[in-house]
Amino acid sequence: MIIIGPQGCGKGTQAKRLSKNFNIPHISTGDIFREIRKEDTLRGRKVKELIDNGMNVPDKITIPLVKEKLSKLKEGYILDGFPRNIEQSKSLEGIDKVIYLKISDKEVVRRIEGRRNCKKCGAIFNITTAPKPKIEGICNKCGSELFQRDDDKPGQIKKRLKQYHNLTAPLIEFYKDILIEIDGSRDIGEVYSEIISKLSL
Ligand SMILES: [Zn+2]
């Protein structure tokens with residue numbers, strides 16, 4: 001199973017729930033990259049450098065990493081963050097379902113713009129959705145100052161959205177025969193219930 005949708009659509013959250021409830025592994029490229037970047041190897045250093053500079057990891061690194069991970073699994077999985085383009089999707093076989101969480105560009109901007117990170121402990125809050133900081137600009141966990149990452153500022157969000165529309169949106173057509181489209185703009189519980197009811201059809 002694959003879960004796709006723009007930034008901020010909640011795919012990571014839904015993938016974690018599905019993984020827990022169906023007892024199938026949640027494979028996220030975010031997690032794979034975080035693991036690899038700690039490696040003191042050529043590949044590890046390259047991934048670290050790209051991510052630290054806010055760049056995408058190229059297909060020639062990403063595809064083998066994901067394939068290596070999937071080759072160790074005996075049964076099913078839920079993939080999150082991959083495929084990101086048609087090239088990557090061609091490297092996958094045996095996909096049963098593709099869950100597409102649809103939200104508008106306006107909603108993506110609204111959700112991401114509200115993100116605030118703690119300077120000290122790294123906790124993430126959201127002033128428009130949840131969890132909200134109890135005191136404006138202050139971390140609920142450690143009392144340190146919150147800040148907005150450059151990546152989460154409107155100009156950058158628009159840039160990432162443009163990339164999503166160019167590269168990832170074509171996957172919706174590519175997987176149209178096994179696509180399950182869900183309105184991702186509602187709350188987490190409602191979105192999850194709709195995924196479950198559509199999966200069981
Ligand atoms: Zn904190």
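Trainee: Start with contacts. Of those with a separation of 6 or more, what share comes from residues 24 or more positions apart?

Mentor: 65% of them. Keep in mind that this is a predicted model.

Trainee: How many helices and strands are there in the protein?

Mentor: It has 9 helices and 8 strands.

Trainee: And the radius of gyration? What would a compact globule have?

Mentor: For 201 residues, a compact globule would come out near 17 Å. The protein has 17 Å, so the two agree.

Trainee: What does the C-alpha trace span along its principal axes?

Mentor: About 50 × 45 × 35 Å.

Trainee: How much of it counts as buried?

Mentor: 22% of the 201 residues.

Trainee: Switching to helix packing. How is a packed pair described?

Mentor: By the angle between the two axes and the distance between them.

Trainee: Take H1 and H9, then. Where are they, and how do their axes cross?

Mentor: H1 covers residues 11–22 and H9 covers residues 188–199. Their axes come within 11 Å and cross at roughly 55 degrees.

Trainee: Left-handed or right-handed?

Mentor: H1 passes H9 in a right-handed crossing.

Trainee: Which residues meet there?

Mentor: H1 brings Thr13, Gln14 and Arg17. On the H9 side they meet Ile188, Val191, Tyr192 and Ile195.

Trainee: How do the residues of that contact divide by type?

Mentor: Between H1 and H9, 4 are nonpolar, 2 polar and 1 charged. Arg17 is the charged one.

Notes. Residues are numbered from 1 along each chain as its sequence is written. This is a predicted model: local features need pLDDT of at least 70, side-chain atom pairs count only at pLDDT 80 or more; totals for chains, interfaces and linings use all residues. Helices (H or I, at least four residues) and strands (E, at least two) are DSSP runs, numbered from the N terminus. The radius of gyration is taken over C-alpha atoms; the globule rule is 2.2 Å times the number of residues to the power 0.38. A residue is buried if 20 or more other C-beta atoms lie within 10 Å of its own, exposed if 12 or fewer, and partly exposed in between; C-beta atoms are placed from the backbone. Two residues are in contact if their C-beta atoms, placed from the backbone, lie within 7 Å. Axes are lines fitted to C-alpha atoms, for helices over the stretch in contact, and angles run from 0 to 180 degrees between N-to-C directions. A crossing is left-handed if the near helix is turned anticlockwise from the far one by less than a right angle, and right-handed if clockwise.
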